[in-house]
Amino acid sequence: MSSDTTADVDDEEFDREAFTKVATVDEIPAGEGEGYTVNGIEIAVFNLDGDFYAISNRCAHQRAPLHKAGDRKINAEDTWTEKRGGVNVEDCTVSCPWHLWEWDLETGVHEASGKRIGSFDCTVDGEDVLVRI
């Protein structure tokens, strides 16, 4: 994980008070994300096989909820297949469930357009998933 999106809880300068607990590690299944509001900001936290990343929960294209990537039938039943978008563990990205824009989970960048959404420090302390906004 990059230093842009993680904090080292073993670092003596780590300040847990600067972080907000959003979940426990078992509340966010591997390869999926969950949505939260922290200090009035909508975020999505993704579990990539035990590595956790936090980005803005809204796609910059048309404000789709990114934590819904990979969910079943996000739109009308006859419009899309059972799953739309999803998390790519190898590339460390999430694809928007509406129009498949792919966002880097470390940087919040959509490479094709150059647009960027917020990415936030995210770490695990014990069983707690913590985010710094």
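Buried here means under 20% relative accessible area, exposed means over 50%, and partly exposed is anything in between, using a 1.4 Å probe and protein chains only. With that in hand, here's a quick tour of a predicted model, where local features need pLDDT of at least 70, side-chain atom pairs count only at pLDDT 80 or more, and totals for chains, interfaces and linings use all residues. Residues are numbered from 1 along each chain as its sequence is written, and side-chain values use heavy atoms, with hydrogens and water left out.

**Overall picture**

- The protein chain has zero helices and nine strands, where helices (H or I, at least four residues) and strands (E, at least two) are DSSP runs numbered from the N terminus.
- Read from the N terminus, the elements simply go β-β-β-β-β-β-β-β-β.
- The chain has 133 residues, and 40% of them are buried.
- Take the contacts (heavy atoms within 4.5 Å) with a separation of 6 or more: 47% of them are between residues 24 or more positions apart.
- The accessible surface is about 7300 Å², with 38% of that belonging to carbon and sulfur atoms; areas come from the Shrake-Rupley method with a 1.4 Å probe, and for residues only the protein chains shown count as cover.

**The nonpolar cores**

- A nonpolar core is a set of buried Ala, Val, Leu, Ile, Met, Phe, Trp, Tyr and Cys residues joined through side-chain atoms within 4.5 Å.
- The largest one has 16 residues, and the members touching the most other members are Phe46, Ile55, Cys59, Leu66, Val94, Trp103 and Leu105.
- Strands β3 (41–48) and β4 (51–56) each put at least two residues into this core, and β3 gives the largest share, with three residues.
- Apart from that core sits another, of 13 residues, including Ala23, Ile43, Val45 and Val129.
- As background, nonpolar side chains tend to be buried together in soluble globular proteins.

- Leaving out residues up to four places away in sequence, Phe46 touches Glu32, Gly33, Asp51, Phe52, Tyr53, Ile55, Leu66, His67, Val87, Val94 and Leu105.
- Val94 lies in strand β6 and counts as buried because its relative accessible area is 0%.
- With residues up to four places away again left out, the contacts of Val94 include Phe46, Ile55, Leu66, Trp103 and Leu105, along with Ala69 and Gly86.
- Val94 and His67 are 27 residues apart along the chain, and their C-alpha atoms are separated by 8.8 Å.

**Ser95, next in β6**

- Ser95 is also found in strand β6, which spans residues 93–95.
- Ser95 counts as buried because its relative accessibility is 15%.
- Not counting residues up to four places away in sequence, Ser95 touches Ala69, Gly85, Gly86, Leu100, Trp101 and Glu102.

**Salt bridges**

- The model has five salt bridges, each defined as a side-chain nitrogen of Lys or Arg within 4 Å of a carboxyl oxygen of Asp or Glu.
- Asp128 and Arg16 meet in one of them, at 2.7 Å from N to O.
- That pair links distant parts of the chain, 112 residues apart: Asp128 is in strand β9 (residues 128–132), and Arg16 is in the segment before β1 (20–24).
- Asp128 counts as buried because its relative accessibility is 17%, while Arg16 is partly exposed at 32%.
- Arg16 and Asp128 also belong to a network of salt bridges with Lys21 and Asp125.
- Glu42 and Arg58 form another bridge, at 3.1 Å from N to O.
- Here Glu42 is in strand β3 and Arg58 is in the loop between β4 and β5 (86–88), 16 residues apart.
- Both ends are partly exposed, with Glu42 at 32% relative accessible area and Arg58 at 23%.
- Arg132 pairs with Asp121, and their closest N and O atoms are 2.2 Å apart.
- Arg132 is partly exposed at 33% relative accessibility, whereas Asp121 is buried at 14%.

**Aromatic pairs**

- There are two aromatic pairs: rings of Phe, Tyr and Trp (its six-membered ring) pair if their centres lie within 6.5 Å, with planes under 30 degrees apart counted as stacked, over 60 as edge-to-face and the rest as tilted.
- Phe14 and Phe19 make a tilted pair, 5.2 Å centre to centre with 35° between the planes.
- Phe14 is buried at 18% relative accessible area, and Phe19 is buried at 8%.
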